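Hi everyone, thanks for coming along. Let me put the model up on the screen, and then we'll walk through it together.

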Amino acid sequence: MKRMGLIFRSKANKALDRAEDPRETLDYSYQKQLELLQKVRRGVADVATSRKRLELQLTQLQQQSAKYEEQGRKALALGREDLAREALTRKSAMQSQINDLQVQYQQLQAEEEKLTLASQRLQAKVDAFRTKKETIKATYTAAQAQTRIAESFSGISEEMGDVGLAIQRAEDKTAQMQARAGAIDELLASGALDDNSGIGRKDDIEAELERVAGGSDVELELARMKAELSGGSSGPAAIEQGHGGGQQAHPQQSGAQGPQDTPPPTINYQK
C-alpha cells in the first residue's frame, strides 16, 4: 500500500507539473494578494468607523457632563444644595463612562494606526510582486518561444517531427516509383516485357534496319583500327570513301590494299 501510494503521488505530481503554467500561478498569487490587501483595507475602514463612533459618544458625554456641572452651579446659587449634589453625582458617574470610552478610543486609534501601516507595507509588497511577476512572465514567454524555435530548427519538436516523417515518406515513395519506372523501361527495351499499348513498338523492318546500321558502324570502326595498325596515313580516308561511294580504294594512292567493303545484307520485306 505504501508503494502504491508513492507511485500514485509521483504520477500525480508529474501530471500536475506538466499541467502547471508558471504564468497562471503567478497571476493567481497576485490575485490572492490583492484580496488580502482588500481585506486589510476593509479592516482599517471598520476600525476607523468604530473609532469615529466612540469619538461621537465621547463628545456627547462630555457635553452632558458639562451640562450637569452647569446645573449644579445654578442650583447651588439658588440655595438648593441637594439639587447641586445630585447634579454633581450624575456628572461623576458620567465621567467614569467618559474615562472608559477614552481608553477604548485610544486602543482603537492605535489599532487603526497599525492596520494603516500594515496596509501600506502590504501595498508596497503587492506592487513589487506585480513588477516581478510581469518580469518573470515576460522572461518565461521569451524562453518558451526560443525553445520552440530551437526545437523547430533541430527537428525534435512534435510538429516538425511529423513534418519530417511525412517528407521522408514522400521521398521514399518517389524514389521507389522512379526505380520502378526505370526498371520497366529497361524491361521494355530488352523485350522482356511487351508494350500492350502499341506506343513506341517497332516492327521487324525497323528493327532490321537499326541492326544493319549498327553493324555498318562496327565494320567501319574495325576497318579504321586495321588501317591505323598497318601504318597507312590515308587508310581511314580511303575506307571512308569506300564505304561512302561504294568503290574500292586504289592501291597506288593508299600504298596498301584496302579492305573490301562488305555488301549489306539482303533484307526480306515480305513477311
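Confidence in the chain is highest in H2, at 89, and lowest in helix H7 (residues 251-254), at a mean of 42. Here pLDDT is the predictor's confidence in each residue, from 0 to 100, and helices are DSSP runs of H or I, at least four residues, numbered from the N terminus. The chain averages 77, and 71% of the residues score at least 70. Over residues 242-261 the pLDDT is below 50, and this stretch has 16 contacts in the model beyond near neighbours in sequence; contact means heavy atoms within 4.5 Å. Residues 266-271 are also below 50, with four such contacts.

Some housekeeping. This is a predicted model, where local features need pLDDT of at least 70 and side-chain atom pairs count only at pLDDT 80 or more, while totals for chains, interfaces and linings use all residues. Residues are numbered from 1 along each chain as its sequence is written, and side-chain values use heavy atoms, with hydrogens and water left out.

Now to the packing. Which residues make up the largest nonpolar core? The eight are Leu54, Leu58, Leu61, Tyr68, Met94, Ile98, Leu101 and Tyr105. By nonpolar core I mean a set of buried Ala, Val, Leu, Ile, Met, Phe, Trp, Tyr and Cys residues joined through side-chain atoms within 4.5 Å, and buried means under 20% relative accessible area, with a 1.4 Å probe and protein chains only. H2 and helix H3 (81-154) are the elements that give two or more residues to this core. Apart from it lies another core of five residues, including Tyr30, Leu37, Leu122 and Val126.

Leaving out residues up to four places away in sequence, Leu61 touches Met94, Gln97, Ile98 and Leu101. Arg51 lies in helix H2, residues 22-77, and counts as buried because its relative accessibility is 17%. Beyond four places in sequence, Arg51 is in contact with Tyr105, Leu108, Gln109 and Glu112.

Back to Tyr30, which is buried at 14% relative accessible area. The structure holds one aromatic pair, meaning Phe, Tyr or Trp (six-membered) ring centres within 6.5 Å, with planes under 30 degrees apart counted as stacked, over 60 as edge-to-face and the rest as tilted. The rings of Tyr30 and Phe129 have centres 6.4 Å apart and planes at 15°, so this pair is stacked. Tyr30 sits in helix H2 and Phe129 in helix H3, 99 residues apart. Lys133 lies over the face of Tyr30, at 5.1 Å from the ring centre; the criterion is NZ of Lys or CZ of Arg within 6 Å of the centre and within 35 degrees of the ring normal.

Conventions:
Buried < 20%, exposed > 50% of the residue type's maximum accessible area, 1.4 Å probe, protein only.
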